[in-house]
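Student: Could we go through this model together and ask what stands behind each label?

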Amino acid sequence: MISTPMGQQELNGEHGDIMRAMIESSGTGRIGTPTDIAEFNEGFTPSTDYRVDRLGVQGGDHGAKYIEGAAYCPGTPQPLRDATKDQLSGLLDKETYYVRIKERKAFQLHAKEKPDARGRTVLRCPALGPCPSVTCPLRELLNTQTVVDKERPAVDPDDVPDFPDKICRQHSVSFEVAKMRRQQQAFDYGTKEWDEFHTHSRNSIESLNAQVKAGGTEDIESAGRRRLRGFGAAQIIVTLLLTNFNIRKIAAFMSDKIKEDAKRNALGEPTVAIIRRRDREWRNPYTDTYPPGVARPEKGKSGALTDETGGPPLRQ
């Protein structure tokens, strides 16, 4: 049970004793909080793309700027803030975009502590801490900047805010996790790692959507599958169809697993295919493969292939 106004009414109502008994017998022995939901591992890796109007700076707290899934220093250079916008508008090629996204990472706020029970996490300026990633003239002026042993990206004096907020004046600041969770990313947005993961995940989801909409068992795209009037009634029908689709997928997976195990028990482990002698000892001109330990000859060298280079034995 989650602590909500409706939940509190249930506890104070006629069924309150039953609800308390259920809570005491639960695994946690207490009422759940919104923070528990926020910190619960949902079992999936968050990855999302943004609409054009949600790129770049999207508000912030305590002086920090929320940019595409993370909190950044207010002195982050404008070209790095607008890297994704510039790439989509054709001003940047893909490789230059990757470089700017990598450079922007240095201006991201550092996590000082894990989220607490109140759903708040402590972040600090990237010019502070044991491993600072930038240098800042404001921190130098305040004599709070960590001494660095190597050159790091610097905040331009023109980018320093005229009226520094908490993130520029304090050593660390507490942020609400819920405000950043909506745009949270498992990988830094725009990086090659994010691009590879998101492309594969999106294709998988689109394939699943196509299966659900395709004519056949569920066919939720057809209006004939939900002839009831009203949004609520249609939602119930669609939910039942999606549930049926999930059950079919699970049943098919279990059926394939049972058949595979039965085949293995009956016939034993699958045998390893025997490699022909011509593939084991010589070059195969049909598949253009060479035997183990024989290197492919460099292109441009003339002369017939011999048994020394992986070719068939010469006739006498």
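This is a predicted model: local features need pLDDT of at least 70, side-chain atom pairs count only at pLDDT 80 or more; totals for chains, interfaces and linings use all residues.

Student: How many helices and strands does the protein chain have?

Tutor: The protein chain has 12 helices and 5 strands, taken as DSSP runs numbered from the N terminus (helices are H or I, at least four residues; strands are E, at least two). Of its 316 residues, 28% count as buried, where buried means under 20% relative accessible area, exposed over 50%, and partly exposed in between, with a 1.4 Å probe and protein chains only.

Student: How do you know what span to expect of α11?

Tutor: The expected span is 1.5 Å times one less than the number of residues. With 37 residues, α11 reaches 54 Å from its first C-alpha to its last, close to the 54 Å expected. Just after α11, G268 takes a positive phi of about 80 degrees.

Student: Which residues of α11 are buried?

Tutor: A234, V238, L241 and F245 are buried in α11. An α-helix has 3.6 residues a turn, so residues three or four places apart point the same way. The cover over the buried residues of α11 includes α10 (192–213).

Student: What makes a space in this structure a cavity?

Tutor: On a 1 Å grid over the protein atoms alone, a cavity is a set of points where a 1.4 Å probe fits but cannot get out, and lining residues have an atom within 4 Å of a point. Grid points are joined across faces, edges and corners, and a volume is the space filled by probe spheres set on the points. The whole structure holds 2 cavities of 30 Å³ or more. The largest has a volume of about 70 Å³, and its lining includes C73, P74, C125 and R139. Two or more residues of that lining come from each of α7 (137–142) and α8 (166–169). The second largest cavity has about 30 Å³ of space and is lined by Y72, I101, R104, K105, D188 and Y189.

Student: How many residues of each class line the second largest cavity?

Tutor: There are 3 nonpolar, no polar and 3 charged residues. Ala, Val, Leu, Ile, Met, Phe, Trp, Tyr, Cys and Pro count as nonpolar, Asp, Glu, Lys and Arg as charged, and the others, Gly among them, as polar. The lining of the largest cavity has 10 nonpolar, 1 polar and 1 charged residues.

Student: What makes a set of residues a nonpolar core?

Tutor: The members are buried Ala, Val, Leu, Ile, Met, Phe, Trp, Tyr and Cys residues joined through side-chain atoms within 4.5 Å. The largest nonpolar core has 25 residues, and F107, L109, V155 and F175 have the most contacts inside it. Its largest share, 3 residues, comes from β2. A second, separate core of 8 residues includes Y50, L55, I101 and Y189.

Technical notes
Residues are numbered from 1 along each chain as its sequence is written. Side-chain values use heavy atoms; hydrogens and water are left out. On a 1 Å grid over the protein atoms alone, a cavity is a set of points where a 1.4 Å probe fits but cannot get out, and a pocket is an open set with protein on both sides within 12 Å along at least five of seven lines; lining residues have an atom within 4 Å of a point. Contact means heavy atoms within 4.5 Å.
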